[in-house]
Amino acid sequence: MTIQLFAQRFLFSAFLLAFSALGHAEGQVHIYNWNDYFAEDTLSGFQARTGIRPVLDVYDANEILEAKLLAGASGYDLIFPTAHPFASRHLQAGLYQPLDKTKLPGLDKLDPAIMTSLAGMDPGNAHLVPYMWGTSGLGLNPDKVKAALGEDAPMDTWALIFDPEKAAKLAGCGISLLDDPTEVFSAALAYLGKDPNSLAPADLDAAAELIKAAHPHVRYFHSSQYISDLANGSLCVAHGYSGDVLQARERADEADKGVKVVYRIPREGAALWTDVMAIPKDAPNPEAAHALIAYLLDPKVIAAVSDYVYYANPNLAATPLIEAELREDPEIYPPAEVRARLFVPSERSERELRTLNRLWTRLKANR
Amino acid sequence: MSHRHSHRLSRLLNIGLPYFWLGLFFLLPFVMVLRISLAEPTLAQPPYTALWEWVEQGVLQIRLNLANFQLLREDDIYLAALLNSLWVALVGTVCCLLLGYPMAYAIATAPERRRILLLMLIILPFWTSFLIRVYAWIGLLNANGLLNTFLLWLGVIDEPLKILHTQMAVYIGVVYSYLPFMILPLYANLTRLDPTLLEAAADLGCRPFRAFLRVTLPLSMPGIVAGSMLVFIPVVGEFVIPDLLGSPGSLMIGKLMWTEFFANKDWPLASALAIVLLAVLVVPFVLMQRLQQDDEGTRT
């Protein structure tokens, strides 16, 4: 970088700083969000409304976001971590700044049930605003599952993965699991009828045995590859996130090659997760971050995002604005009796987490 | 006087610059990694403890945590991953050498004008991102990818070959990605060989193949060593290729490091792994260097 350029940039950022100190939400906002997690016109609409230029970077795993946050000076103004266990951990480490709620008039429209559950880790909802929520269940190719298991085979069960007899028959058309020990262990524990958050050694051993037995039938462990593989028909059972599976369904419909994809919440129970918005403590432009949160609290804006990403949002005023097809889909907005079967992943200590992760590495390597 | 002075200054610069470079870009980062490897993980920014702190007036408390290295020794998964990584790197290097040597030789002996074209062809893939080139192999090796579709169409096979997500795919990715690093130093070496030596061998009645074995091959040894190092060392720590193309069970040290760093947020253990990996790689490198020096010593 030449001296002039450096000086220019220095002056420019000093100028920006001075400006934001004056209380103007001008300039740029640096956003770090999951891939495909805004509608196509979300950010351009934000710029048109506020004059702030959005700069978007994307990640596909909470771990990547976390590593940047922990290293410090990430340079991002607004991030979208999953509430449990990530955002809660970041709160403990003091990585977020409290919200100025006077700048967020839309907060009162958010689902009180979700706000109450978030208040458990974020007292008074001082730091986090929920963005989207969904479940981790089964993405299926119903035709191939029926061909392998018979016409009246049940679809809404973890047995498709953890019952060795069924899994052996499905291995040919392809089974994939999320590359995430917390997700897979809680699914295995739910199938066994145990507390999905259990850390009791006997329960973990039983779950590990179950996963080991399933391992030979699993094609791969991956957290995003299954989207395209479900869509092109090279998988028949995928452990995946609700919206991702529904995106696969959309792609399969677009390709129109006769591949059908459905999403099912297993009857034994499934994980319910919430992604939240938070402002890092060292955000360069928290004013602009507040402006973006306020924009995303607009029911029309967030309804358009849900229409695009196939995830439910916590904004009650937005629900009637969402496409009926989505709003009435029991797999996206599950009815009360299904929601009762969902569980929220619980907090784990760092040590427990490392033990689980190392056990996971061992399981995947078949050792 | 002033002339001698400037001479001394330039000598100091000549010797000092490389050391300064090494110190800044090798020693300093190494010390930083070593420091983290002796800390303990903690939930903070940054996620590891300080090695020393002033507890009271004049008392400096130093805490060195050796548990990371102990864990690496006790848990056999790290050794298994290291051995597997070394094995993959060895196989990859040998394949690159067997493929790359004839190619480098052919380029070096080609007519001047065609040489530039051939070299361009070797370098051309670098114009595309490494990541994208590895991703492209997924499309090629997939069950309904280009290779399988083609073979099925030909009728050579009845059902798709399972190559993607196997060890085979890792080798393919490694050889494809690192072949130029073998060819280029070999080529540089082979073009500098004196062709009159081969003429002399022929005049003295040596058959071409024997002349190759006794003249060209020994003289190209520095090129072979340089190429092998350039392939072997990065492949040992390779992460992208086994992650994208390998089987879920393929244990590589790079993947373990990823898990420790990202999933476990255990920077100290990841650093300890990096230190061990460096030690494992430096030893053969130093030995090789020594061997080469001895070799040059006997020749002069």
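**Close-up views of a predicted two-chain model**

Four cavities of 30 Å³ or more are counted in this structure. The model is predicted: local features need pLDDT of at least 70, side-chain atom pairs count only at pLDDT 80 or more, and totals for chains, interfaces and linings use all residues. Residues are numbered from 1 along each chain as its sequence is written, chains are lettered from A and ligands numbered from 1 in the order in which they are written, and side-chain values use heavy atoms, with hydrogens and water left out.

**View 1. The largest cavity has a volume of about 40 Å³.** A cavity is a set of points, on a 1 Å grid over the protein atoms alone, where a 1.4 Å probe fits but cannot get out. Points are joined across faces, edges and corners, and the volume is the space filled by probe spheres set on them. Lining residues have an atom within 4 Å of a point. The lining includes A:W133, A:G134, A:T135, A:S242, A:L246, A:Y310 and A:E331. Two elements of chain A give two or more residues each: strand 4 (129–140) and helix 12 (242–255). Strand 4 of chain A gives the largest share, three residues. Helices (H or I, at least four residues) and strands (E, at least two) are DSSP runs, numbered from the N terminus. By class, the lining has seven nonpolar, three polar and one charged residues. Here Ala, Val, Leu, Ile, Met, Phe, Trp, Tyr, Cys and Pro count as nonpolar, Asp, Glu, Lys and Arg as charged, and the others, Gly among them, as polar.

**View 2. Domain 1 of chain A meets domain 2 of chain A.** Domain 1 covers 9–128 + 278–297, and domain 2 covers 135–272 + 343–364. These bounds come from an automatic or database domain assignment. The C-alpha centres of the two domains lie 32 Å apart. Seven residues from domain 1 and seven residues from domain 2 make the contact (heavy atoms within 4.5 Å). The area buried between the domains is about 620 Å², and carbon and sulfur atoms give 42% of it. Buried area is the accessible area (1.4 Å probe) that two parts lose on being put together, summed over both. On the domain 1 side, A:H84, A:P85 and A:R89 lose the most area, together 60% of what that side buries.

**View 3. A:R89 pairs with A:E350 and with A:E66.** A salt bridge is a side-chain nitrogen of Lys or Arg within 4 Å of a carboxyl oxygen of Asp or Glu. Side chains of opposite charge can pair when their charged atoms come close. One salt bridge is found across the interface of the two domains of chain A. A:R89 and A:E350 meet in a salt bridge at 3.8 Å, N to O. The salt bridge between A:R89 and A:E66 spans 3.0 Å, N to O. A:R89 lies in helix 4 (residues 83–92) of chain A and A:E66 in helix 3 (residues 62–71) of chain A, so this pair ties together parts 23 residues apart in sequence.

**View 4. Chain A packs against chain B through 29 residues from each chain.** The area buried between them is about 2,600 Å², with 58% from carbon and sulfur atoms. In chain A, A:L70, A:R354 and A:R358 lose the most area to chain B, together 24% of what that side buries. Six salt bridges cross this interface. In the salt bridge of B:D76 with A:R362, the closest N and O atoms are 3.6 Å apart. The whole structure holds 21 salt bridges over all chains.

**View 5. Backbone details: two cis peptide bonds and a positive phi.** Most residues other than glycine have a negative phi, and most peptide bonds are trans. The bond from A:H84 to A:P85 is cis, with omega near -5 degrees. A:P85 lies in helix 4 of chain A. The bond from B:Q45 to B:P46 is also cis, with omega near 0 degrees. B:P46 sits in the loop between helix 1 (2–37) and strand 1 (52–56) of chain B. A:D36 has a phi near 50 degrees.

How values were computed: On a 1 Å grid over the protein atoms alone, a cavity is a set of points where a 1.4 Å probe fits but cannot get out, and a pocket is an open set with protein on both sides within 12 Å along at least five of seven lines; lining residues have an atom within 4 Å of a point.
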